[in-house]
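Take a look at the chain shown below. This report walks through some of its strands, its core and its disulfides.

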Amino acid sequence: LRLLLKATLLWLASGSYRPFYNGFYYNHIMNDNGNGQDKVDYFNGAKLVVETSKDPVYSYNGANVTLPCQYRYEPDLGPKRKIRIKWSKLRDDYTKEQDVLVAIGKTYMAFGDFKGRAHIHQASRHEASLVISDVRLKDDGKYRCEVIDGLEDESDVIDLRLQGIVFPYQPPRGQYRLNFHEAEQVCQDQGAILANFNQLFQAWSEGLDWCNAGWLADGTVQYPIRLPRKPCGGVHLAPGIRSYGPRHRHLHRFDAFCFSSALKGEVFYLDRPAGMTLEEAKQSCQDAGAEIARVGQLYSAWKFLGLDRCDAGWLADGSVRYPIVTARANCGPAEPGVRTFGFPSKGRFGVYCYRER
């Protein structure tokens, strides 16, 4: 023990150990001099302040978006210094962060799904804004802008929200047939992703009322109620989001709440005098230079493009639906929405197609 203690003290005294870098020791892959040599920074005596927008930044699927982030020193240190910038995406439960990008000077590296889509925007002094190109549905969420200057390490969080719509989904085989992983897949098949709580809450505030419980992206099972009633938690409960809490992702089975954003293309309707089978409908869309529309695309066209047709049409999952913006006689209930005929095993209908612009 005495020999071990002596060896440790000699090692510390030699100065060969590395200083603490707040968990971000990036000099092994990039450094200010570009010569592979580690550079040691020390506390500079100024307070580092990092600020992002307090309001959410809104975008939509396929767009380009900038998440603003500025930093400064109190007192000001004069000319711009080379610092480290790190952007991370937070999970809903704040348990683990997803690395998005790190940068030192003009050198940066993006990670995972953000490779080729993310870069730093530094048009002005002390700017560390993040630009994300070709925004995807799963980009929705909270992002941390972190600035590291030697031993100083400060950060702030900004919220990126995609403009979209939440819709409940049941597979052809009926109610409560999906475990969590199957729910993820059916949403993806419909051009969507599993909704998160904030998206479901927004949909509820806009009028969504659905009495069937469905999976959300965090593995919880919930459902939105605007009009309390006996089968939906009881008449004495206030309106709101009913929650079953986290469920077993393999064993428990429910429906799904999917989230789809605005479209980069258009949804249009085709028909024949005698209608079409599902296979004929798919071929008709292909002949028109398109593909048969998915459920999420029909919901998005209804919400964002004002698609309003009282004509039942096939969709890619084998369901038959139609979108109503202005309620009218012989077109279903008295409120707007996407009507469904379910999954008919036979019958002839028109078809809704989707084509990229």
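## Strand E17 and its partners

In strand E17, Asp 255 has Gly 214 standing opposite. This is a predicted model. Gly 214 belongs to strand E14 (residues 214-215), which runs parallel to E17 and is joined to E17 by two bridges.

E17 has antiparallel partners too. Strand E12 (residues 164-169) pairs with E17 in the antiparallel sense over six bridges. In that pairing, Val 166 stands opposite Phe 259. Strand E13 (residues 193-194) also pairs with E17 in the antiparallel sense, over two bridges. Here Leu 194 has Cys 258 as its bridge partner.

Is E17 mostly covered or mostly open? Strand E17 (residues 255-261) is mostly covered, with seven of its seven residues buried. Asp 255, Phe 257, Phe 259 and Ser 261 point one way from the strand. Ala 256, Cys 258 and Ser 260 point the other way. Residues on both sides are buried.

## A three-strand sheet

Strands of a sheet pair through backbone hydrogen bonds, either parallel or antiparallel.

How many bridges join E8 to E9? Four bridges link E8 to strand E9 (residues 129-132), and the two run antiparallel. His 121 stands opposite Ser 129 of E9.

## The nonpolar core

The largest nonpolar core has 88 residues. Those with the most contacts inside the core are Leu 67, Trp 87, Leu 130, Tyr 143, Val 267 and Tyr 352. Helix H5 (residues 295-304) gives this core its largest share, five residues.

## The disulfides

A disulfide is a covalent bond between the sulfur atoms of two cysteines. The whole structure holds five disulfides. With the bonded cysteines numbered in sequence order, the pairing is 1-2, 3-6, 4-5, 7-10, 8-9. Among the five are these:

| Disulfide | Sulfur-sulfur distance | Torsion about the S-S bond |
|---|---|---|
| Cys 69 and Cys 145 | 2.0 Å | -80° |
| Cys 211 and Cys 232 | 1.8 Å | about -120° |
| Cys 310 and Cys 331 | 2.0 Å | -120° |

The link of Cys 69 and Cys 145 is left-handed. Cys 69 sits in strand E4 (residues 69-74) and Cys 145 in strand E10 (residues 141-149), 76 residues apart. Cys 69 and Cys 145 are both buried.

The torsion of Cys 211 and Cys 232 is about -120°, so this disulfide is left-handed. Cys 211 lies in the loop between helix H3 (197-205) and E14, and Cys 232 in the loop between strand E15 (220-225) and strand E16 (240-246). Cys 211 counts as partly exposed because its relative accessibility is 24%. Cys 232, at 1%, counts as buried.

The link of Cys 310 and Cys 331 is left-handed. Cys 310 lies in the loop between H5 and strand E20 (313-314), and Cys 331 in the loop between strand E21 (320-324) and strand E22 (337-340), so the pair ties together parts that are 21 residues apart in sequence. Cys 310 is partly exposed at 29% relative accessible area, whereas Cys 331 counts as buried at 3% relative accessibility.

Conventions. Residues are numbered from 1 along each chain as its sequence is written. This is a predicted model: local features need pLDDT of at least 70, side-chain atom pairs count only at pLDDT 80 or more; totals for chains, interfaces and linings use all residues. Side-chain values use heavy atoms; hydrogens and water are left out. Two strands pair if DSSP finds at least two bridges between them. Buried means under 20% relative accessible area, exposed over 50%, partly exposed in between (1.4 Å probe, protein chains only). A nonpolar core is a set of buried Ala, Val, Leu, Ile, Met, Phe, Trp, Tyr and Cys residues joined through side-chain atoms within 4.5 Å. A disulfide is a pair of cysteine sulfur atoms within 2.5 Å.
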